[in-house]
Amino acid sequence: DIFLHATTSAGENLPPFRIPVRGKVVDRFYCFPSALDFGITLLGSTREEIVVVQSHTGELFSVDRADTDDADLTVHRLHLGNDEIVVFNVGQRINRRGAVSGKVSFGLINELGKKIEIILPVTYYGFTKAEGSSAPRAD
């Protein structure tokens, strides 16, 4: 909460006035979307999504690395002719049954040279055609 302390034009102090403030603290840098869920997906297929790395404050940065923790998860930078928009293609080969989690790590360097890491969680549920009727429903 914030308390306002006011003074009248005659110099008299008024009682503090409380103003409730609600909000959410966010990191300066982020991915959009903030996580990828490829859903219930057939084994052997490949899913892809576009991810944008951005700054809430407009602060300049560069991406010096983009790594994954899984050989079936790939990340490639897309060059759209505008270096201010940092876009990646994230691909996932669906090769494991059941609930699978992975991550993409983006290494950033801000305009002051500080290194920052952003983690993008990636999930899916892999199933075979034979078990298709018993796979969890997405509704």
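# Notebook: strands, salt bridges and ring pairs

I began with strand 7 and strand 8 (residues 86–93), which pair in the antiparallel sense over six bridges. I note here that the model is predicted. In this pairing I looked up Leu-73 and found Gln-92 of strand 8 opposite.

Next I looked at the sheet around them. I read an open sheet of four strands with the order 3-5-8-7 and antiparallel pairing. Its edge strands are strand 3 (29–32) and strand 7 (73–78), each pairing on one side only. I noted a twist that averages 25° from one strand to the next.

**Thr-41**

I went to strand 4 (residues 36–42), where Thr-41 lies. Is Thr-41 buried or exposed? I have it as buried, because its relative accessible area is 5% and the cut-off for buried is under 20%. I then listed what Thr-41 touches, leaving out residues up to four places away in sequence: Arg-47, Ile-94, Tyr-125, Gly-126 and Phe-127. With Arg-47 there is also a polar contact, side chain to side chain, at 3.3 Å.

**Salt bridges**

How many salt bridges are there? I count five. I wrote up three of them in turn.

I took Glu-59 and Arg-28, whose side chains meet at 2.8 Å, N to O, in a salt bridge. The pair links distant parts of the chain, 31 residues apart. Glu-59 sits in the loop between strand 5 (46–55) and strand 6 (61–68), and Arg-28 in the loop between strand 2 (17–19) and strand 3. Glu-59 counts as buried at 14% relative accessibility. Arg-28 counts as partly exposed at 36%.

Then I checked Arg-65 and Glu-117, a salt bridge with the closest N and O atoms 3.1 Å apart. Arg-65 is in strand 6 and Glu-117 in strand 10 (residues 115–127), so this pair ties together parts 52 residues apart in sequence. I have Arg-65 as partly exposed, at 31% relative accessibility. Glu-117 is partly exposed too, with a relative accessible area of 48%.

I moved on to Asp-72 and Arg-93, where the side chains form a salt bridge at 3.3 Å, N to O. What does this pair tie together? Asp-72 lies in the loop between strand 6 and strand 7 and Arg-93 in strand 8, so the parts joined are 21 residues apart in sequence. Asp-72 is buried, with a relative accessible area of 14%. Arg-93, at 35% relative accessibility, counts as partly exposed.

I also looked for shared partners.

**Aromatic pairs**

I turned to the rings and count two aromatic pairs. Phe-29 and Phe-61 form an edge-to-face pair, 5.2 Å centre to centre with 75° between the planes. It links distant parts of the chain, with Phe-29 in strand 3 and Phe-61 in strand 6, 32 residues apart. I have both Phe-29 and Phe-61 as buried.

Why is the pair of Phe-88 and Phe-106 tilted? I find their ring centres 4.8 Å apart and their planes at 55°, so the pair is tilted; edge-to-face needs planes over 60 degrees apart. This pair also links distant parts of the chain: Phe-88 is in strand 8 and Phe-106 in strand 9 (residues 98–110), 18 residues apart. I noted Phe-88 as buried, and Phe-106 as well.

Key
Residues are numbered from 1 along each chain as its sequence is written. This is a predicted model: local features need pLDDT of at least 70, side-chain atom pairs count only at pLDDT 80 or more; totals for chains, interfaces and linings use all residues. Side-chain values use heavy atoms; hydrogens and water are left out. Two strands pair if DSSP finds at least two bridges between them. Helices (H or I, at least four residues) and strands (E, at least two) are DSSP runs, numbered from the N terminus. Axes are lines fitted to C-alpha atoms, for helices over the stretch in contact, and angles run from 0 to 180 degrees between N-to-C directions. Buried means under 20% relative accessible area, exposed over 50%, partly exposed in between (1.4 Å probe, protein chains only). A polar contact is a pair of N or O atoms within 3.5 Å; within protein, one must be able to donate a hydrogen and the other to accept it, and residues adjacent in sequence count only if both atoms are side-chain atoms. Contact means heavy atoms within 4.5 Å. A salt bridge is a side-chain nitrogen of Lys or Arg within 4 Å of a carboxyl oxygen of Asp or Glu. Rings of Phe, Tyr and Trp (its six-membered ring) pair if their centres lie within 6.5 Å; planes under 30 degrees apart count as stacked, over 60 as edge-to-face and the rest as tilted.
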